[in-house]
Structure formats: C-alpha cells, structure tokens
Amino acid sequence: MNKATRILCAVLAAAAISLFAVQLSCRSALHRENKLVIAVAYDGDNNHIEVQNLKYISRCVEAFQTQYPDIDVEVETISYDTYSNWLYDSLLYGKAPDLFTVLPQDFPILTSLGVLEEIGGTSYEGRIAPAILKTWNRSGVLYAVPYAT
C-alpha cells in the first residue's frame, strides 16, 4: 500500500467510523449498570476493511475488560442505512450508547446539540495526521479520533 493510499484510508476511517464519547451525565449506561455500550455503524458486506475494523474493536474491548473486569462491554453493530436515524432516536429517548460512531454528515449536528464530549487533543498529536485531527475539531476542541487507520 503506497503512502497516498494509506493517507486516503486514514481519512476515510476517520470520516466514516470514528468513535465519539457522548455526554450522558446520569443517564450513562456505565453509571447505571456497570456496563459500557459501544455502537458501530457497519455496512454488513464483510469486506476486508469492515472485518478488520470489527476485529480491532474486539481487541480494544478485550484489553479494556482485562483492565476493568467488573465492567461489562456490549458492542452493537447497526446498518449504515439506518444508523443516523437510530442514533438520533437513541439520543432523543435517553438510550444513547456511551461510545458511538458518528458519520461525517452527523458531526455538525451533534456538535451543535452539545451531545459530544471533549476528548482532548495533545495525546494524539504526532500519532495522528493533523488534517485528520482538524476534521473532528470544532472551535479548538477535539471530539473524536479514528480508532483505526
């Protein structure tokens, strides 16, 4: 894979499948049930990129559960076709997951609604291309990073 292809893949990964922390205060599943819920938009084609992304998420969950064995982690996969509507309904009815994929077209809406939590940016500098970080930054605040590039 050449450098241009790697950069394109990194941008697409950030744009299509970045995970965001949602600010849910006392409605957080983690606070209620000692459970962390992660929602991932998935096209269901089982193509190489999708399979690798889901494997990466599984490895991250395993590593998290090794460190925090008392927290149950649930990963939900939702079809890209219905994902945005599912996410808005989940937010509206107070049932949003703790971490979730945000599609590029949803990012401006979700930031304007104030439902995304700042994740900080200094720990990502030097590890993720500045152009990718800029994509998920509003008014100097970083709200997301790609989980795989």
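Select strand β2, residues 35-42. Strands here are DSSP runs of E with at least two residues, and helices are runs of H or I with at least four, both numbered from the N terminus. In β2, 8 of the 8 residues are buried, so the strand is largely enclosed by the rest of the structure. Buried means under 20% relative accessible area, with a 1.4 Å probe and protein chains only. This is a predicted model: local features need pLDDT of at least 70, side-chain atom pairs count only at pLDDT 80 or more, and totals for chains, interfaces and linings use all residues. Residues are numbered from 1 along each chain as its sequence is written, and side-chain values use heavy atoms, without hydrogens or water.

Now show the side chains of β2. In a regular strand, side chains alternate between the two faces of the sheet. Which residues of β2 lie on each side? K35, V37, A39 and A41 are on one, and L36, I38, V40 and Y42 are on the other. Both faces are covered.

Pairing requires at least two bridges found by DSSP between two strands. Find K35: D72 of β3 stands opposite.

Pick I38 and look across to L99 in β4.

Finally, zoom out to the whole protein. Colour by secondary structure to see 6 helices and 7 strands. Follow the chain through the pattern α-β-α-β-α-β-α-β-α-α-β-β-β. Of the 149 residues, 39% count as buried.

Notes:
Buried means under 20% relative accessible area, exposed over 50%, partly exposed in between (1.4 Å probe, protein chains only).
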